[in-house]
Amino acid sequence: MKTKWSIEQKMFAGFALALVLAAVITPVSYLAMNQLTLAAERINRTHKVLSKLSEALSVMQNVETDSRGFALAGDERFLKLYEPAVTQVGVNVKELQELSARDSNLQRKLNVLAPLLDRKLAFANALIALRQRKGLLSAAKKLSSDHDGELMDQIRPMITDMQAAENARLGEQEVSAKISARHAMLLLSALTGLIIALLGFLFHTITLDRSGRKRAEETLRESDLRFRIVARATNEAVWDWNMAKQSVWWNHGVQTLFGYSEEQISPARDWWIQNIHPDDRERVLTSVQVRVESSEDFWSAEYRFRRADGSHATIFDRGYILRDRNGRAERMIGAMQDITEHKRELETAQSRDAALQSARLKSQIGRA
């Protein structure tokens, strides 16, 4: 014979499960953010390698132009450009070697490239010294007899191949980072959504209880207390909107995420509405109204919310709608998650990629 659970037992089991889920969110959030941070560091390192490779190729082309220019024209202005370019070559090689400390493939390629750069610099130095000691004819003779151009013909494609390999690596890293971020967001949203849905179901069960009103009210007060305990266990801004009173209860997360003091937070729903970015306000309020008037029980939206310092955070907000026996919405419980840094990292990576692509196109056009 099956044992029928009482309302109190259901509440206890449900809130115990919700507390467990809330406790899981913190380590999961930490691991997800750690993975995203590592991915961002790898992407940033690859961007630096690409930047230094482009700079190295540009500097070597300047070394060739300035050394030949001085050898043929004898103009000291070429030397003023040549000397810092030579110094920069050494700096670029050193920085690339530091960036390749944990990349054996890149190290192997640098070990081949570095001697070619040294030979190119040695030839340029010898050419300038010959022009200074013996004049134009000797310098011109060295230019025509030595195979200086062959060095650049080896250096240029080698750097280009290294850039192509790093670009391919960058693409893989960015795809991996986006997938990891998406998985993390889905997992956190699922856990939080499950908590909200569970709490919503429990509150909904209370409203359908056929016990006396006094017992129902006592049970509801107990559930509110447990809900606030659960709300304290999460770092998100958890809210509880009473539609009849048009009042909203907030947990401490709204202070932690957005910097408001307890005195600055109003229970009036208008406080939340006023802090939504003006460009997002109508869209968000319309989406809430549509869900409340429909038969659906879940609502979510992404929008900008004003912090205490006047800046705006990008948040992902979602809520579970509680309805009476007639299907009329009377309460909504939800949570706000700050995704500002996540979106900024993705936008920064995309901007860097676009800038590098533009630089490569300009470089190709310049060489053409």
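Let's start with contacts between residues at least 6 apart in sequence: in this protein, 65% of them join residues at least 24 apart. Keep in mind, please, that we are looking at a predicted model.

Now for the overall inventory. The protein has 10 helices and 5 strands. Of its 368 residues, 41% are buried. Its accessible surface comes to about 20500 Å², and carbon and sulfur atoms account for 55% of that.

Let's go inside. In soluble globular proteins, nonpolar side chains tend to be buried together. Here, the largest nonpolar core holds 27 residues. Which of them touch the most other members? They are Trp 250, Phe 258, Trp 272, Tyr 303, Phe 305, Met 332 and Met 336. If you want to trace where this core comes from, the elements giving two or more residues to it include strand 1 (237-242), helix 8 (269-275), helix 9 (278-293) and strand 5 (329-338). Strand 3 gives the most, with 4 residues.

Beyond its neighbours within four places in sequence, Met 332 is in contact with a whole list of residues, among them Trp 239, Trp 241, Val 288, Val 292, Trp 299 and Ile 321. There is also another core, apart from the largest one, with 26 residues, including Leu 96, Leu 151, Met 152 and Met 162.

Next, a residue I'd like you to find: Asn 251, in the loop between strand 2 and helix 7. Is Asn 251 buried or exposed? Asn 251 counts as buried, because its relative accessibility is 4%, and the cut-off for buried is under 20%. What does its side chain reach? Another is the backbone oxygen of Glu 236, which lies 3.1 Å from a polar atom of the Asn 251 side chain.

Last stop, helix 3, which runs over residues 104-134. Helix 3 has 31 residues, and from its first C-alpha to its last it reaches 45 Å, close to the 45 Å expected at 1.5 Å a residue. Have a look at both ends. At the start, a side-chain oxygen of Asp 103 comes to within 3.2 Å of the backbone nitrogen of Asn 105. Just after the helix, Gly 135 takes a positive phi of about 95 degrees.

Terms used. Residues are numbered from 1 along each chain as its sequence is written. This is a predicted model: local features need pLDDT of at least 70, side-chain atom pairs count only at pLDDT 80 or more; totals for chains, interfaces and linings use all residues. Side-chain values use heavy atoms; hydrogens and water are left out. A nonpolar core is a set of buried Ala, Val, Leu, Ile, Met, Phe, Trp, Tyr and Cys residues joined through side-chain atoms within 4.5 Å. Buried means under 20% relative accessible area, exposed over 50%, partly exposed in between (1.4 Å probe, protein chains only). Contact means heavy atoms within 4.5 Å. The expected span of a helix is 1.5 Å times one less than its number of residues. A polar contact is a pair of N or O atoms within 3.5 Å; within protein, one must be able to donate a hydrogen and the other to accept it, and residues adjacent in sequence count only if both atoms are side-chain atoms. Accessible areas come from the Shrake-Rupley method with a 1.4 Å probe; for residues, only the protein chains shown count as cover.
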